[in-house]
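This briefing is meant for a reader meeting the structure for the first time. It begins with the terms needed for pockets, and then moves through the model topic by topic.

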Amino acid sequence: MVVGRKIGSLFVLLFPMFMLILNVTVVAVIWFGGIEVNAGTVEVGTLFAFMQYIGQIMMGVIMSSFMAMMIPRAAVSAERVGEVLDAQSTMTRPDNGVTAFPTPGAVAFDGVEFTYPGAESPVLSGISFAAQPGETVAIVGSTGAGKTTLVSLIPRLFDVTGGGVFVGGTDVREADVESLWDSIGLVPQRPFLFTGTVASNLRYGREDATDEELWHALEIAQGRDFVEEMPDGLDSRIAQGGTNVSGGQRQRLAIARAIVHQPQILVFDDSFSALDLTTDARLRQALWRELPHVTKIVVAQRVSTVTDADRIVVLEGGTMVGVGTHEELLETSETYREIVESQLGVDA
Ligand SMILES: Nc1ncnc2c1ncn2[C@@H]1O[C@H](COP(=O)(O)OP(=O)(O)OP(=O)(O)O)[C@@H](O)[C@H]1O
Ligand SMILES: [Mg+2]
C-alpha cells in the first residue's frame, strides 16, 4: 500500500510537470521566435512549423516516459493473470460419472483424512460418520477445528487425501460433477451476494424458479418480512457483495438461494450465527417442517442450534472426539460438555 501511494504521488507531480515544461517551451519559442520575426530573420511560417515539431517531439517524450512507467506494472499484472489462466484444476472429472445415486440424500465420511495442498500436517484425520436421507447431522467444534474444511469435502471443493466421502452412496470422485452439485445446496460461512436484485440472486439457485417459489424459499429462510419491506420487493437492488443488506439478511438470502436450488442435501456452514435466537429457532423449525426429506448438515457455534439434531459430531483439532445425540454426548464427551457449559451455564 505504501509503495502504491508513493507511485500515486509521483504520478500526480509528474504529469503537471511535463505539461509545464511543454507549455514553457512553447512560450519560449514564441517569445524568441517573435523577436527573430520582428528582425526579419525568420518567417512566421517557419516559426509555426518549428512549434509544431517541438510539440510533437515533447509529446513523444512524455508518452515514452509514461510507457516506461506502465510497462513494468503491466508486466506484473500480465504475469498474475497468466498464472490464473494457466492454473489446472486439481479436480479430475470422471468419464461416465455416476448420475443416478443409489441412495439419494445420504452422506457418509469414511476414515477421511485431508491435508491442504502445500501444508505439512493434515487438517482432518480419522473422520467417519454418516447421515441417512432426511437426517440432521450437526458439526460443532472450536474455531479452526476444521468444520469448514470438512463440509467443503462434500461438494468436492477439495479432494480427500485419505479415506472417502460418499454422497448418495457414491464416492464423490466417481460421481458426475453436475449431478453431485445438483444434489447439494451449500450455504457458505461467508455468503456472497452478486450485483443485481433479490430475485436474480435467488435464481442463482435455479434459473427457472417462479416468483412463488422464491417467496416460499424466503418464507422458510425467515426472509419474507424484510424483503417485503424493501422498496421493490423481489426486484430491490442488491449491491456488489450484498453490502446494502445486513449480515443476518445476507445469511437468510443465501439460505433462501440454497433452498430454491431444491437439493437433497443442505449444508449450512455456520449460517445461523448472525441471526438472533428467536429467528434462528423459527428458521430451523420451518426448515424441519417444510423440508423433512432433505438431509441437513449443520455447522454451528451455538449448541442451542443443534441440541435436537439426530447426530452431533464434535471436532477438535481436526479429529473427531465424539459423536452422538446431545444427551449421549453430555454423558460421553468431555469436550462437548465443556462447550455446553461455557454456553448454556453449568446446570445445562
Ligand atoms: N485454504 C487453506 N489452506 C491451508 N490451510 C487452511 C485453509 N483453510 C483453512 N486452513 C487451515 O485449516 C484449519 C481448519 O480451518 P477451518 O476453516 O476448517 O476451521 P473452522 O472449524 O471452520 O473454523 P471457524 O469456526 O473459525 O470457521 C485451520 O487451522 C486453518 O489454518
Ligand atoms: Mg469455518
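A pocket here is an open set of grid points with protein on both sides within 12 Å along at least five of seven lines, and its lining residues are those that have an atom within 4 Å of a point. The model is predicted, and local features are reported for it where pLDDT is at least 70. With that in mind, the largest pocket is lined by 16 residues, and I184, G185, L186, P188 and R257 are the ones that lie nearest its centre.

**Overall form**

- The protein chain has 348 residues, of which 41% count as buried, and its secondary structure comes to 11 helices and 12 strands. Its radius of gyration is 31 Å, well over the 20 Å that the globule rule gives for 348 residues, so the chain is more spread out than a compact globule.
- Taken along the principal axes, the box filled by the C-alpha atoms of the protein chain is roughly 110 × 50 × 50 Å.
- A75 is found in helix α2, which covers residues 44-86, and this residue counts as partly exposed at 41% relative accessibility. Between A75 and A256 there are 181 residues of separation in sequence and 43 Å in space, C-alpha to C-alpha.

**The largest pocket**

- About 460 Å³ of space lies in the largest pocket, and by class its lining has 12 nonpolar, 3 polar and 1 charged residues.
- Strand β6 (184-187) and helix α8 (247-260) each supply at least two residues of this lining, and the largest share, 4 residues, comes from β6.
- Seen by domain, the lining of the largest pocket draws at least three residues from domain 2 (101-183 + 263-348) and at least three from domain 3 (193-261).

**The magnesium ion**

- The magnesium ion, ligand 2, is coordinated by T148 through OG1 and by Q189 through OE1, at 1.8 to 2.2 Å. Because T148 lies in helix α3 (residues 147-152) and Q189 in the loop between β6 and β7 (196-197), the pair ties together parts that are 41 residues apart in sequence.
- T148 counts as partly exposed, with a relative accessibility of 35%, and Q189 also counts as partly exposed, with a relative accessibility of 38%.

**The cavity**

- The structure holds 1 cavity of 30 Å³ or more, and about 30 Å³ of space lies in the largest cavity.
- The lining of the largest cavity is made up of L153, R156, F158, D159, V160, V165, V172 and R173, which by class gives 5 nonpolar, no polar and 3 charged residues.

**Residues with positive phi**

- Most residues other than glycine have a negative phi. Against that background, R156, one of the residues lining the largest cavity, has a phi near 65°, a positive value in a residue other than glycine.
- R156 lies in the loop between α3 and β4 (162-167), and since buried means under 20% relative accessible area, R156 at 2% relative accessibility counts as buried.
- Q222 likewise has a positive phi, near 60°, and is a residue other than glycine. Q222 lies in the loop between α6 (211-220) and α7 (224-229), and with a relative accessible area of 17% it is buried.

Definitions and conventions:
Residues numbered from 1 in each chain as written. Chains lettered and ligands numbered in written order. Predicted model: local features only at pLDDT ≥ 70, side-chain atom pairs only at ≥ 80, totals over all residues. Heavy atoms only, no water. 1 Å grid on protein atoms, 1.4 Å probe; cavity = no way out; pocket = protein on both sides within 12 Å on 5 of 7 lines; lining within 4 Å. Points joined across faces, edges and corners; volume = space filled by probe spheres on them. Nonpolar A, V, L, I, M, F, W, Y, C, P; charged D, E, K, R; others polar. Domains from an automatic or database assignment. Donors = N, O, S within 2.8 Å, 3.2 Å for Na, K, Ca; no water. Buried < 20%, exposed > 50% of the residue type's maximum accessible area, 1.4 Å probe, protein only. Rg over C-alpha atoms; globule rule 2.2 N^0.38 Å.
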